[in-house]
Amino acid sequence: MAKVPKGWKDAGAGEEQIDHILYDSQLSTTAANTKLNMFKQTEAANGLKLTNMTKANELPTSQRMLIKKITVFFNDVPAGVDIENLLDKAVCEFLINNKRVMAAPMRMFLHESTVLPAGATQDEQEAIGKSLELDNYIVLPGGVNFTFDLSTGDTVAGTTTNITVAFTGELVRSVI
């Protein structure tokens, strides 16, 4: 059974608690070892198709989120070789208030529907992902800077692809 940190506070008077997904998308490059800084965009500037962030790198002070699952997925269906190149020693690092909360290989965060397409070296499409469901939930407080950096692999990918990071959990916000 997953653990809720002691610092988490459920919704109180004048607040509501809802299921929520916080997400952000960035276009990868065709260069090796590229650092993508996720969650630095805003919905107002970049649109809902790329992000649902209201502020860059932080939740509004009137909100807080209990993160239960972290997912990385490709919005496009890149060639199998490009997926392998993007994942070659690729790493994700999550910091809250400049303190590392987690760092792990990107493969550990891939969504369940991530597939390695059939190609020259592989006869059949193969599922390769499983989102990271946390045993110890993470509290993301409002008004505090956070970063989620995704560093792509050591091998050059042939094409770019849009990569999305999503935090799934519960959001507490003021009732409007």
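Colleague: How do the residues of the lining of the largest pocket divide into nonpolar, polar and charged?

Modeller: There are 6 nonpolar, 6 polar and 3 charged residues. Here Ala, Val, Leu, Ile, Met, Phe, Trp, Tyr, Cys and Pro count as nonpolar, Asp, Glu, Lys and Arg as charged, and the others, Gly among them, as polar. Bear in mind that this is a predicted model, where local features need pLDDT of at least 70, side-chain atom pairs count only at pLDDT 80 or more, and totals for chains, interfaces and linings use all residues. Residues are numbered from 1 along each chain as its sequence is written, and side-chain values use heavy atoms, without hydrogens or water.

Colleague: Which residues lie nearest the centre of the largest pocket?

Modeller: First, the idea: on a 1 Å grid over the protein atoms alone, a pocket is an open set of points where a 1.4 Å probe fits, with protein on both sides within 12 Å along at least five of seven lines; lining residues have an atom within 4 Å of a point. In this case 15 residues line the largest pocket, and Thr54, Pro60, Gln63, Leu171 and Arg173 lie nearest its centre. Two or more lining residues come from each of β1 (15–27) and β10 (162–174); strands are DSSP E runs of at least two residues, numbered from the N terminus.

Colleague: Which strands form the open sheet, and in what order?

Modeller: Two strands pair if DSSP finds at least two bridges between them. Here 4 strands run in the order β2-β9-β4-β5, with antiparallel pairing. The edge strands, β2 (35–38) and β5 (99–105), each pair on one side only. Between β4 (residues 91–96) and β5 there are 6 bridges, and Ile96 stands opposite Lys99 in β5.
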